[in-house]
Amino acid sequence: MGAEIRTKTPGKLMVAGELAVLEPYHQLIVTAVDRFLYTTIQDSKIFEVHIENYKLFHQRFHFDGREAKFEKEGKAIRFVKSALTTTLTYLREKNIDVTPFTLTIQSELDDTKSGQKYGLGSSAAVVTSVTTAILTKFLNDKPNKEIIFKLAAIAHTKTQGSGSGADIAASTYGGVLKYASFQAEWLLAKLEQMESLRKFVEEEKWTYLTIEQLQLPPSLFFCVGWTGKPASTKSLVGEIKRLKEKDPKSYEQFLENSKRAVQLIVRGMEENDIDQFYKGIENNRKALSEIGQIANVEIETKKLYILSIEAKRFGGAGKLSGAGGGDCGIAFVPSKEASEKLHKSWLEKGIKPLKIGIYSNGSEKV
């Protein structure tokens, strides 16, 4: 065994603009958080993968020049397989010789006792982490963040068939981001037509995509509460897409409401205007709750509603994070004392406060 390289990749939480981000040019705010997925890459005599959280060890594979093929295929390995295929294809097109290696993946993004998902973007962190580890090992220079993002986005979208890529942006770049999606349908169509993966990620501008760093007002305290119920993003998004066909007027109104709320939040961050920031968070919460009611899906569950109302009671603002239906909610309050009172109140109401903060760095070697 040769020297090992270890990478550390943060999870994410959506701050505002969920669901609307699936439409061209609609912006979302997302943050990287200080819960991590670790990938270790090490020289080996054979290509193999260990995924510790799934108790999957010695998963052998080979790369035939087009695809990473595992001796045993399965659901648990599909995102890893896609990240390997995409990244190794990129390196092959750059005429970089790849020698056998072992990858070991270990995650702290989910609940350690039950294994239930918090909604911190585990599959996105996996593809970002695997991509970062392989590029770090085989490129002479430190990997370019844009290349990591694009390769990971391709791997994730090809596997999932949908999604905004915001979780991959957070895992790649870190910090708080203003993000507009490349649009999954656009990307999948491009992948069908492209002749060179290397040229596509290195030279071609991705239509619709924008990624910009933001800074939260320093006086705000960030709080995260877990409802104890995992959510299914795919099914909720599907219901909202059906509403777009059935009731386009309501859907367009939701997009406008979301857009205005995100603009308020961004202005509040740029101008250090806390009241404007809180108003944007509250307006986005209402927009998501209303579109859920119109579509007859529970986007804002009872616990997510309580989480938000309690944040308001202690002088701040809160909302669901992600597509809703469960998982985590977030809140911003004006002081440490307010955050402690909020945590106590959440606990009394069956919401588990999580020790999660904003993380400034993206996926990187440690």
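Predicted model: local features only at pLDDT ≥ 70, side-chain atom pairs only at ≥ 80, totals over all residues.
The largest nonpolar core comprises 86 residues, among which Leu84, Phe101 and Trp206 touch the most other members. Helix 2, spanning residues 122–138, supplies the largest share of this core, with nine residues. A separate core of 18 residues lies apart from it and includes Leu243, Ala287, Ile291 and Ile299. The surroundings of Leu84 were examined with its neighbours within four places in sequence left aside; on this basis, Leu84 is in contact with Val49, Phe61, Ala68, Phe70, Thr89, Phe101, Leu103, Val130 and Ile134.

Helix 2 also contains Thr136. With a relative accessible area of 16%, Thr136 is buried, since the threshold for that class is under 20%. The side chain of Thr136 reaches the backbone oxygen of Thr132 at a distance of 2.6 Å. When neighbours within four places in sequence are left aside, the contacts of Thr136 are with Ile5, Pro143 and Lys365.

The number of disulfides in the model is zero. Cys223 takes part in no disulfide, and the nearest cysteine sulfur, belonging to Cys328, is 12 Å away. Conversely, the closest cysteine sulfur to that of Cys328 is in Cys223; the separation of 12 Å is too far for a bond, because a disulfide requires the two sulfur atoms to be within 2.5 Å. Cys223 counts as buried at 1% relative accessibility, and Cys328 likewise counts as buried at 1%.

Technical notes. Residues numbered from 1 in each chain as written. Heavy atoms only, no water. Core = buried A, V, L, I, M, F, W, Y, C linked by side-chain atoms within 4.5 Å. Buried < 20%, exposed > 50% of the residue type's maximum accessible area, 1.4 Å probe, protein only. Helix = DSSP H or I, 4+ residues; strand = E, 2+ residues; numbered from the N terminus. Contact = heavy atoms within 4.5 Å. Polar contact = N/O pair within 3.5 Å; in protein donor to acceptor, adjacent residues only side chain to side chain.
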